[in-house]
Amino acid sequence: MATRPEILFPLFAKLETLGGIGEKTAKGLGTLGITLPRDLLFWLPHAGIDRKFRASVTEVQLGEIATVEIEVLKHRPGRTRTAPYRIEVKDALTTFDLVFFHANANWLSKQLPEGETRVISGKVEAFDGALQIAHPDYILPPNDVDEIPDYEPVYRLTAGITGRTIAKGVGEVLTRLPVLKEWIDPELKSREHWPDWHMALRQAHTPQGADDLSPQSPARRRLAYDEFFAHQLTLALARAKVRRGKGRLSVGTGQLQEKVLAALPYAPTAAQRRAVEEIAADMASGQRMNRLLQGDVGSGKTLVALLSLLVAVEAGGQGVMMAPTEILAAQHLEAIRPLAEAAGVVVALLTGRDKGAERRSKLEALARGDIHILVGTHAVFQKDVVFQDLRLAVVDEQHRFGVSQRMELGAKGQASDVLVMTATPIPRSLALAQYGDMDVSVLDEKPPGRKPIKTVLVSDGRIDEVIERLRRAIDDGAQAYWVCPLVEESEVMDMTAAEERFKLLRADLGEGVVGLVHGQMPPAEKDAAMAAFVAGDTRLLVATTVIEVGVDVPNASIMVIERAEHFGLAQLHQLRGRVGRGQTASTCLLLYHPPLTESGEKRLSVMRDTEDGFVISEADLEMRGAGDVLGTAQSGLPRFWVGDLEHQAALMAVAQKDARLLLHQDPDLTTARGHAARVLLWLMRQDEAIRLISVG
């Protein structure tokens, strides 16, 4: 195993080796995630305080900081122990008070002796029409005025850790900074006017004004780029390793694909054709494919998946398509079976429900190669599922499957290709951060015949009108969804809300018309309720967000989302995508509870104004930040210390291109820049990447 370069040792020593940091302080810093001197370097200030010298407190606005020289006039202790202790002072233009609560009179008379001058710095306030400063941040003899910075960086803190502790620690780490060889491409660095690494850190920790704190300042952009570049280098190394693994040549003849296209009632979009070409080229390259197919709700991913699976069958192999739930797996089967049959291709479904003889005969057919395309849930991972010749695995809804499962699935076939589909439009910067090891195909057109969905905002005071409208639509043969509000992130309370709404709507619209599904139901009950709705036996389905992913009922043309202001944009977009799948014009009613907050209003109006998932995801990123857009817990997003995906998104794309280019030119990182990049990987704690290089 490679070992950490010696030049980095001082940054990876114990925190206690820094002056003024003992065990207790180190523990406090640990709660912020700071466990090494290198962590202090990347703990950048998030704000600053202007402490420039002023002639008088009258020169600043109330609530602002003033640094002034004063003469101490008179001490006025409080009459009782709890009353404030006041000291009358004067600067060049006016007289005002310094105020201390729970004061120690001895200490104050030593710090501020009457008749002497001092320099103080603190927040100017007004009390009873007179100016005052309570508990100044600094009280110094005039000779020591240099201890007060003109512009003081402000760090995020935690209990027991002061700004001065962090500033002092940072100051000491900055004196230990090694001079590292440059890992950034020289042309890029000069084009962006970026400082050297150690200069960038010094500038970031000693801002001279608000501009230096902006994510767009050259020092911060440089440091963010270092982080993004190390991340993309790790992903590029993982990608290179997959590609070095022997791939299979799967060259399609196009015959089966032509039969399917002939059976389609419409022509595929240009985006669908382009995606199939990209996938077919990967499969024919002899290197293992690891591709992400990103498409908005209803952009026709299933057709692209089927045509890709047919390439595998045409090449004499088999394909597998995996979905996260049994309902979705069954739906994929329904969608592709008629088309596959038109091409004479055998498709079968395998889920956890298959038992005994039926399961055995499916597995035997699969091993003989009689089943060309298997559709299933993660039941296809089980040891006894053996393919005759698996060439392509298609995985639906990426975030339910981690990287390790992707690898496991690849292992089922001798180096089978992997195509991951996601219906969650992700802003480009996040897609690169999360899926940077994959190649990406994007479906950015809607197939012909998809009708636009009309989105309307309705205040919940008009709920009776909404129910009346639903009654009329249902009488005319329509089907509808009613999504219940999210209650304080609690599935149990979501369930209660859904059950209450279900009872009320059932009373209004009649027994047998209304169905109910929520996350707390036993799977069999949930499936039965869904099946009744799919079959058209129930006309209105009351649900929690369990219906967000994938349910396809072409006859459903109305979506009501209650308390819509509580949902995230991505979620609203996914829910709305459940309607508009058939021939009738569809409507989505966003029921909100007035008054709306500013962000609630903004979210709902974005939904009203656009159906484009990519536009919506960018707006979502801007409003909520990166972790929330992907849902931090399952996002797989790395935690960046400096990099800010909302404001520095463009840097991620540059970093990906640069990392892939560097590895293309220097696969083992043995050139001068390659060695510098290795040091960067150690510095950024990219242990995964270091393991990949040393295994080589």
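Trainee: At its relative accessibility, does tyrosine 225 count as buried or exposed?

Mentor: This is a predicted model, in which local features need pLDDT of at least 70 and side-chain atom pairs count only at pLDDT 80 or more, while totals for chains, interfaces and linings use all residues. Residues are numbered from 1 along each chain as its sequence is written, and side-chain values use heavy atoms, with hydrogens and water left out. The classes are buried for under 20% relative accessible area, exposed for over 50% and partly exposed in between, with a 1.4 Å probe and protein chains only. Because its relative accessibility is 0%, tyrosine 225 counts as buried.

Trainee: With which residue does tryptophan 194 form an aromatic pair that is tilted?

Mentor: The structure holds 6 aromatic pairs, where rings of Phe, Tyr and Trp (its six-membered ring) pair if their centres lie within 6.5 Å, and planes under 30 degrees apart count as stacked, over 60 as edge-to-face and the rest as tilted. In one of these pairs the separation is 5.2 Å centre to centre and the planes make 40°, and the partner of tryptophan 194 is tyrosine 225.

Trainee: How many residues apart are the two members of that pair, which links distant parts of the chain?

Mentor: Helices (H or I, at least four residues) and strands (E, at least two) are DSSP runs numbered from the N terminus. Tryptophan 194 is buried, with a relative accessible area of 5%. Its place is in the loop between helix H5 (186–192) and helix H6 (197–205), whereas tyrosine 225 belongs to helix H7 (residues 218–244), so the pair links distant parts of the chain, with a separation of 31 residues.

Trainee: Which residue in helix H7 is about one helical turn from tyrosine 225?

Mentor: Tyrosine 225 also forms a stacked aromatic pair with phenylalanine 229, 5.9 Å centre to centre and with 10° between the planes. Phenylalanine 229 is buried, with a relative accessible area of 0%, and Trp194, Tyr225 and Phe229 form one aromatic cluster. Because they are 4 residues apart in helix H7, a separation of about one helical turn lies between tyrosine 225 and phenylalanine 229.

Trainee: Over the ring of which residue does the charged end of arginine 38 sit?

Mentor: A charge sits over a ring if NZ of Lys or CZ of Arg is within 6 Å of the ring centre and within 35 degrees of the ring normal. Arginine 164 lies over the face of tyrosine 138, at 4.5 Å from the ring centre. For arginine 38 the distance to the ring centre is 5.9 Å, and the ring is that of tryptophan 641.

Trainee: Which strands stand at the edges of the open sheet of 6 strands?

Mentor: Two strands pair if DSSP finds at least two bridges between them. The order in this open sheet is E16-E21-E20-E17-E19-E18, with parallel pairing. One side of each edge strand is left without a neighbour in the sheet, because each has a single partner strand, and these strands are E16 (453–459) and E18 (514–517).

Trainee: Which residue in E19 stands opposite tyrosine 481?

Mentor: Strand E17 (residues 479–483) and strand E19 (residues 540–543) run parallel and are joined by 4 bridges. Standing opposite tyrosine 481 in E19 is leucine 541.

Trainee: What is the bridge partner of arginine 291 in E15?

Mentor: Another open sheet, of 7 strands, has the order E11-E12-E10-E13-E14-E9-E15, with parallel pairing, and its edge strands, each pairing on one side only, are E11 (347–350) and E15 (439–443). Strands E9 and E15 run parallel and are joined by 5 bridges. In E15, the partner of arginine 291 is aspartate 439.

Trainee: Is leucine 669 buried or exposed?

Mentor: Histidine 102 has a positive phi of about 45° although it is not a glycine, and histidine 102 is exposed, with a relative accessible area of 69%. Leucine 669, also not a glycine, has a positive phi of about 50° and lies in the loop between helix H23 (649–665) and helix H24 (672–683). With a relative accessible area of 1%, leucine 669 is buried.

Trainee: What is the omega of the cis peptide bond that joins proline 594 and proline 595?

Mentor: Proline 595 is placed in the loop between strand E21 (586–592) and helix H19 (598–609). For the cis peptide bond between proline 594 and proline 595, omega is about -5°.
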